[in-house]
Amino acid sequence: MRRIGSILLWSAIAAAFIGPGTVTAAASAGASVGPALLWAILFSGIATFTLQEFAGRLAIGTGDDLASVLRRRYPDGFARVATLLLVGVAILLGCAAYEAGNILGGAAGALLAIDLPKPAVTLILALAAALLLLAGSPQGVARLMAVFVGLMGAGFLAVAISLAPAVGPLVAGLVPTPGFADDPAALLGVLALVGTTVVPYNFFLGAALARGQGLGEMRFGLAISVGIGVLITAAILVVGTALAGEFSFEALGDTLADRLGGWARTGFGIGLLAAGISSAVTAPLAAALTARGLFASAEDQRWQAGGWRFRAVWGAVLLIGLGFGLADIKPTPAILAAQAFNGALLPLVALFLLAAMNDEALLGDAANGPLANGFGLLVVGVATMLGLTAVARAASTALGFSLPDPGLMLPAFAVLGVLLGRAVTRRTPG
């Protein structure tokens, strides 16, 4: 029973990244380049488990979440300011960006199934998220989100299987090729898939969920949750390959209706609405948990789940998302931009987390060993490669210079990421 409870608890991580952003990123990738980017989903799953396990083990070993640990490690001076700016502001902005996509995507999905004005649907979605946030603790909300993820995931898996995709291209898509950096659509797709799966704010949410759990049950629940999330994301990409043109929620709904019947469009709309609500809860919640850890002690009642400061943070993030939802903004570009932003942010947060996991004074015997650091360096290296490649391509487009050959550029960026990671894994003695 404890393991079942752990799966339900950690399903919050899957609920946080299986939202409208994942549907947009994965279906867009499937529509533009077919199954060739399945490797990005596989890498994202490995990276998610690695970094979330770090955050969970950190919380179990210290009794604090990641943000609190950062506050303790960098209490004053330049390091304190840099932490607040680079991590705190970036995470809060990332949560706000995700929330805009959650509200926009959830409302767009609902309009496929519900005949109501868009502003009314947007307000209903935001109100539902607010009520869930007001209702309970992070753990209670997490268990409720498991229901939303299960319903939507089952629907996409059923549709993907019914499409009967060829096995050969699926297997080939598990192996990356350097050519993706030459294709702007493929590069954006990779960055969006990583950014929508390896969600930086989830490290802060996961650390809060891990409190009170044993290491074994945490790892078990996390592995099952991430595995299910990766399978659902891959299913969404496969469904996206059935699109004849550019991705849109309407086009995907029409394709499903043509293949499976009118019920599939309605079911997709309801599933997207459920995903929007689940992610619209977790993004503000993670923002509040991050702010609490960075700015306050655990004993400060104003920052408890029912405190006004805690609620003010998640309320502000929710209002930002609501504002974007009520504005006349197309959901797909906004969602992809949010995923790309968070994909570029990932190496920074991963480096902070990797440094904390090598602090023996903080963790003692629970500090990272060679194997854990090896996986951490792999994640940081690949994430740095993707983030810097996206930045370099954007700069080359804006300034008009040519980029080096991807066969040279990608390994160089990856090595740079590994060197940075290696620098922060130098042990702080206990």
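Axes here are lines fitted to C-alpha atoms, for helices over the stretch in contact, and angles run from 0 to 180 degrees between N-to-C directions. The model is predicted.

**Exercise 1. Classify the packing of α3 and α11 from their crossing angle.**

Solution. 
- Step 1. Locate the helices: α3 covers residues 38-62 and α11 covers residues 215-240.
- Step 2. Take the geometry. The two axes come within 10 Å and cross at roughly 155°.
- Step 3. Apply the cut-off: angles over 145 degrees count as roughly antiparallel. Therefore α3 is roughly antiparallel to α11.
- Step 4. The crossing of α3 and α11 is right-handed.
- Step 5. List the contact. From α3 come L38, I41, G45, T48, F49, Q52, E53, G56, R57 and I60. From α11 come L215, M218, R219, L222, A223, V226, V230, T233, A234 and L237.
- Step 6. Sort by class. The contact of α3 with α11 has twelve nonpolar, five polar and three charged residues.

**Exercise 2. Classify the packing of α3 and α17, and give its hand.**

Solution. 
- Step 1. Helix α17 spans residues 370-399. Its axis and that of α3 come within 10 Å.
- Step 2. The crossing angle is roughly 125°.
- Step 3. Test the angle against the classes. Roughly perpendicular ends at 115 degrees and roughly antiparallel needs over 145. So α3 is oblique to α17.
- Step 4. The hand: α3 passes α17 in a left-handed crossing.
- Step 5. On the α3 side, the contact uses F43, I46, A47, T50, L51, F54 and R57. On the α17 side, it uses A372, F375, G376, L378, V379, V382 and A383.
- Step 6. These residues divide into eleven nonpolar, two polar and one charged.

**Exercise 3. Work out the arrangement of α12 and α13.**

Solution. 
- Step 1. The helix α13 runs over residues 262-295, and α12 over 249-260.
- Step 2. Their axes lie 6 Å apart, at an angle of about 140°.
- Step 3. Roughly antiparallel needs an angle over 145 degrees. So α12 is oblique to α13.
- Step 4. The crossing of α12 and α13 is right-handed.
- Step 5. α12 contributes F249, E250, L252, G253, D254, L256, A257 and L260. α13 contributes G262, W263, A264, R265, F268 and L272.
- Step 6. By class, this contact has nine nonpolar, two polar and three charged residues.

**Exercise 4. Describe the largest pocket: its volume, its lining and the helices that supply it.**

Solution. 
- Step 1. The volume is about 530 Å³.
- Step 2. The lining has 27 residues, and S28, F247, S248, T332 and P333 are the closest to the centre.
- Step 3. Assign helices. α2, α5, α9 (184-197), α12 and α15 (331-356) each supply at least two lining residues.
- Step 4. α2 gives the most, with five residues.
- Step 5. Sort by class: 17 nonpolar, six polar and four charged residues line the largest pocket.

Terms used. Residues numbered from 1 in each chain as written. Predicted model: local features only at pLDDT ≥ 70, side-chain atom pairs only at ≥ 80, totals over all residues. Heavy atoms only, no water. Helix = DSSP H or I, 4+ residues; strand = E, 2+ residues; numbered from the N terminus. Parallel < 35°, antiparallel > 145°, perpendicular 65-115°, else oblique. Left-handed = near helix turned anticlockwise from the far one by under 90°. Contact = heavy atoms within 4.5 Å. Nonpolar A, V, L, I, M, F, W, Y, C, P; charged D, E, K, R; others polar. 1 Å grid on protein atoms, 1.4 Å probe; cavity = no way out; pocket = protein on both sides within 12 Å on 5 of 7 lines; lining within 4 Å. Points joined across faces, edges and corners; volume = space filled by probe spheres on them.
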